[in-house]
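Dear colleague,

I am passing the structure on to you with this message, and my notes on it follow below. Please read them with the model open beside you.

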Amino acid sequence: MPLAVELESVSFGYRPGQRVLEGVDLKLGEGEFVAVAGPNGGGKTTLVRILLGLERPSEGRALLYGEPAHRFSRRRTLGYLAQRSELGGDAPATVREVVSAGRLAAGGLIGPLRRRDRELAAEAIARVGLEEYADLPVRTLSGGMQQRAFIAKALAGEPSLLVLDEPTTGVDVESQDSLAALLDGLHSDLGVTIVYVSHEFGAVERFVQRLVLVRRSIVFDGPPSDLPGVWHDPSHVHA
Amino acid sequence: MLESEFMRLALGAGAVVGVLAPAVGFFLVQRRQSLTGDGIGHVAFAGVAAGILLDVAPVLTALVAAILGGIAIELLRSRGGTAGDQALALVFYTGIALGVVLISAAGALNVDLFQYLFGSILTVTRSDFVVIAALGAVGLAVVGLLYRPLAGIVIDEEGARVAGVPIGALNIAVAALAAVTVALSMRVVGILLVAALMVLPVSAAERIAWSMRSTLALAMAIGLCSSLVGLTVSYYADLPPGGTIVLVAAGAYAVCSIVGSVRGR
């Protein structure tokens, strides 16, 4: 299986002497749906930032589709939902405006949106089930619907790799389940490689083929069914 | 009022700045950088002082200083590890202090600085108006061309960065646009009030708008009306034009806030 992501002996600290990550080896194949979990402060978001080339490892190397992640040439193929994604600014951006922003890199920066870009944005809105809310300001929607709008934004760019960092923060349990089912549909229908990062993985456990637990280094990597029972105890995960 | 050429020129210049200032200010306000225009205005004051010292047209030196100041604020904010408000404070105070020192060195503390600090729209000449209209048209064209990427950064900066959108270059473009706007607006409302015309119409529009695009369009309309109404009121009531324009914009904010509250926003 060709590799989408390859981390080799990656260590990282935000200042000298600090080790947020240490000796991380991780290979994610194209088309995989992987959950990355671990305690808060365990290095998940740092791992994601290195994986996307937003930070460079202090040691080791990070590759995206075989290229150094920080110099990756096909960035428009990356979709990213940042931790606690929320709308910048106070202007009441609508769902359609937010999702259309996902066509920015792929559709060209200058001038108005082309018809094809508008169609792809509309398709992404339909895929996450927000058609009837498309022209409403995002802020008037529930937390779960707002996350769907941001996922649609990431999808509008037709990504081959979709990374979601804590997408269920502030989302009720019911919406978490439907979000997980939505991602499963995207994975099976579109073949998108999905990296789902969360401090708790209950919602996606039944959908992912692989679970990676991070606590400074990788402490588990395998099918969720192989996870020792003790890891299902939150006190163990967060210890 | 319209039979006087100075008023026709003032209304023309006011209209251009009334539309351009909120169009550029929109992106600053949405990114919580409302005071950037003020910071650039303070640097423009140093530019005016340098112009007086060097005996060069102060508007030109103010434009150069404003562009350098705008880029400095952006670089300090994004790369220097300096918090946004501290970067602004640094540029604010350095600009105003440099201006005072340069004016003093020129032995020109007795020069009428009021026209730069509070505007002098009634003294706009035909050639001034041509410059204001031409640069204003260029500024609006750039806003129109870059609307999508700039709005995209407002909506989700980190997502845009991951997707390879050139955030740094676009931020510099906004800073340069803000600098040109400040330099043009100097004649209309003055250095001390320039940021008001970049911020108040946008804040007012946010109260009643239904989308991002409508916020921008309403802000430009409110800016235009504030300029024209402010100038008209100042003509008949014999009030200072710059201050009157900004007070009308503040009034528009109050009205929009009330309308927004009534609509249950």
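**Second largest cavity**

By class, the residues that line the second largest cavity are six nonpolar, four polar and two charged, where Ala, Val, Leu, Ile, Met, Phe, Trp, Tyr, Cys and Pro count as nonpolar, Asp, Glu, Lys and Arg as charged, and the others, Gly among them, as polar. This is a predicted model, in which local features need pLDDT of at least 70 and side-chain atom pairs count only at pLDDT 80 or more, while totals for chains, interfaces and linings use all residues. Residues are numbered from 1 along each chain as its sequence is written, chains are lettered from A and ligands numbered from 1 in the order in which they are written, and side-chain values use heavy atoms, with hydrogens and water left out.

The second largest cavity holds about 100 Å³ of space, and its lining includes B:Phe27, B:Arg31, B:Glu74 and B:Asn171. Helix H8 (167–185) of chain B is one of the elements that supply at least two residues of this lining, and H8(B) gives the most, with four residues. Helices (H or I, at least four residues) and strands (E, at least two) are DSSP runs, numbered from the N terminus. On a 1 Å grid over the protein atoms alone, a cavity is a set of points where a 1.4 Å probe fits but cannot get out, whereas a pocket is an open set with protein on both sides within 12 Å along at least five of seven lines, and lining residues have an atom within 4 Å of a point. Grid points are joined across faces, edges and corners, and a volume is the space filled by probe spheres set on the points.

Of the 21 residues in its lining, A:Leu78, A:Gly102, A:Lys153, B:Gly159 and B:Ala163 are the closest to the centre. Strand E6 of chain A gives the largest share of this lining, four residues, and the lining as a whole divides into 13 nonpolar, five polar and three charged residues.

The largest pocket contains about 350 Å³ of space, and of the 17 residues that line it, A:Arg96, A:Glu97, A:Ser100, A:Leu113 and B:Arg213 are the closest to its centre. Helix H2 (95–100) and helix H4 (115–127) of chain A, together with helix H6 (126–155) of chain B, are the elements that give two or more residues to the pocket lining, and the largest share, five residues, comes from H6(B). The pocket lining is made up of eight nonpolar, three polar and six charged residues.

**Contact between the chains**

The contact (heavy atoms within 4.5 Å) takes 28 residues from chain B and 33 residues from chain A. Between them the chains bury about 2,400 Å², 61% of it on carbon and sulfur atoms, buried area being the accessible area (1.4 Å probe) that two parts lose on being put together, summed over both. B:Arg148, B:Ile155 and B:Val162 supply 32% of the area that chain B buries against chain A, more than any other three residues.

In the largest nonpolar core, which has 127 residues, A:Ile151, A:Leu162, A:Leu183 and B:Met212 touch the most other members. Such a core is a set of buried Ala, Val, Leu, Ile, Met, Phe, Trp, Tyr and Cys residues joined through side-chain atoms within 4.5 Å, and buried means under 20% relative accessible area, exposed over 50% and partly exposed in between (1.4 Å probe, protein chains only).

A:Leu211 lies in strand E9 (residues 210–215) of chain A and is buried, with a relative accessible area of 1%. Leaving out residues up to four places away in sequence, A:Leu211 touches several residues, among them A:Ala35, A:Phe201, A:Phe220 and A:Leu227.

B:Ala151 is found in helix H6 of chain B and is buried as well, at a relative accessible area of 6%; apart from neighbours within four places in sequence, B:Ala151 is in contact with B:Phe27 and B:Met212. A:Asn40, by contrast, lies in the loop between strand E3 (33–37) and helix H1 (44–51) of chain A and counts as exposed, at 56% relative accessibility.

With best wishes
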